Amino acid sequence: MPFSVQSVQHSRRASVDFNNLPFGRVFSDHMLVADFDGRQWTNVGIKPYAPLSLDPSTAVIHYGQSIFEGLKAYRSVDDAILLFRHAENYKRMNNSAMRMSMPEIPRDVFMDGMEQLIRLDSAWVPQGEGNSLYIRPIYFATDPVIGVHPSEQYTFLILTCPSGAYYSHDLKVRIEKTYSRASRSGTGYAKAAGNYAGALYPTQLAKAAGYDQVIWTDAATNTKVEESGTMNLMFVIDGVLVTPSLSASKLAGITRDSVIEIARYWDMPVEERDVYVSEVVEALRNGKLTEAFGTGTAANIATISVIAEEGVDYVVPAVDASSFSTRASRFLNDLKSGKTEDPFGWITRL
Ligand SMILES: *Cc1c(COP(=O)(O)O)cnc(C)c1O
């Protein structure tokens, strides 16, 4: 497939304050672009980051046929650039594409395209502990036609933004039983734009009530916990890592999978199964629940300190250096920054 590279004349990098990077607002010089014209992939290559020109009838704006991914590139302690399990993002994006009736993205467009883009903008991968280059692949329908049907034409892009360390304070979360994010036969397992739009309102209500996030429950019975916001959800109960098993209503997080692998590597028992609201509350009451946390690319691991259910705030015990989530978080950070040997084969050095 022909691949064109059009570089910027003048880099914007010097105008960016790398000591003070807001998340998702500063974009690197270039982006990857690829179009599907209804029959084949065309215009594949790298271009200067710039606004798009879209017809007002463009399908994605009307019917939301749009998916995305999120991952990071890290600068290692020896100044190399490391990618973490990006082939998993490639697989997941094509799973999302299939659910949204979108054509499969070729491997060389996603994988080689991403690697070339990051090499070209390598000066944008920030140094320093916890800093990273956030990578955002997006894929959307571009037929300039009104009418509900799968688009014939699509655009695939990869944007990148340098981002500072993600310091999450401990989260107060509320178990949500009125609104659902996804149903067992719906689109929750796809990283599809509409799933996130639908989650905004219930999240806003939780924030107005003093919480940071919701814990989603299953749409059919509201008795089982599923995810927390846009993170997968994990608990340590009686020394066992307990997490809801994957299903069509849950996004299969790569951080989730990695944390499970790390637990097994450390001989910690893991249970992937239905997790009931009632047992979480019971374990909070009797002190058997010692850790609760969300997992996702942005935070790696975000500690949950309060879980609210039926108007009662339950406090999760504070973590310390020996807690599983603290150790797993450190291990993941050390893997991603090349400080520790990678026993899993998860790291690609560019
Ligand atoms: C992206 C996402 C996650 C986390 O996935 P990672 O691959 O670990 O970043 C979890 N839940 C939802 C709903 C998500 O969109």
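The largest cavity of this predicted model is lined by Gly-70, Leu-71, Lys-72, Tyr-74, Phe-84, Asn-89, Arg-92, Ile-254, Thr-255, Thr-297 and Lys-336. On a 1 Å grid over the protein atoms alone, a cavity is a set of points where a 1.4 Å probe fits but cannot get out, and lining residues have an atom within 4 Å of a point. The model is predicted, so to speak of local features needs pLDDT of at least 70 and side-chain atom pairs count only at pLDDT 80 or more, while totals for chains, interfaces and linings use all residues. Residues are numbered from 1 along each chain as its sequence is written, and side-chain values use heavy atoms, with hydrogens and water left out.

**The largest cavity**
- Its volume is about 90 Å³, where a volume is the space filled by probe spheres set on grid points joined across faces, edges and corners.
- Two cavities of 30 Å³ or more are counted.
- β5 (71-75), α2 (86-99) and α5 each supply at least two lining residues, and β5 gives the most, with three; helices (H or I, at least four residues) and strands (E, at least two) are DSSP runs numbered from the N terminus.
- The lining of this cavity has four nonpolar, four polar and three charged residues; Ala, Val, Leu, Ile, Met, Phe, Trp, Tyr, Cys and Pro count as nonpolar, Asp, Glu, Lys and Arg as charged, and the others, Gly among them, as polar.

**The largest pocket**
- The ligand sits in the largest pocket, meaning that more than half of its atoms lie within 2 Å of the grid points; a pocket is an open set with protein on both sides within 12 Å along at least five of seven lines.
- This pocket has a volume of about 940 Å³.
- Its lining holds 35 residues, and Tyr-134, Tyr-166, Thr-230, Met-231 and Ala-298 lie nearest the centre.
- The lining of the largest pocket comprises 15 nonpolar, 13 polar and seven charged residues.

**Around the ligand**
- Of 14 residues around the ligand, Lys-191, Tyr-196, Glu-227, Thr-255 and Thr-297 come nearest; a residue is near if one of its heavy atoms lies within 4 Å.
- Polar contacts are pairs of N or O atoms within 3.5 Å: a polar side-chain atom of Thr-297 lies 2.6 Å from a ligand oxygen, and an N or O atom in the side chain of Arg-92 is 2.8 Å from a ligand oxygen.
- A polar backbone atom of Thr-230 is 3.4 Å from a ligand nitrogen.

Terms used. A polar contact is a pair of N or O atoms within 3.5 Å; within protein, one must be able to donate a hydrogen and the other to accept it, and residues adjacent in sequence count only if both atoms are side-chain atoms.
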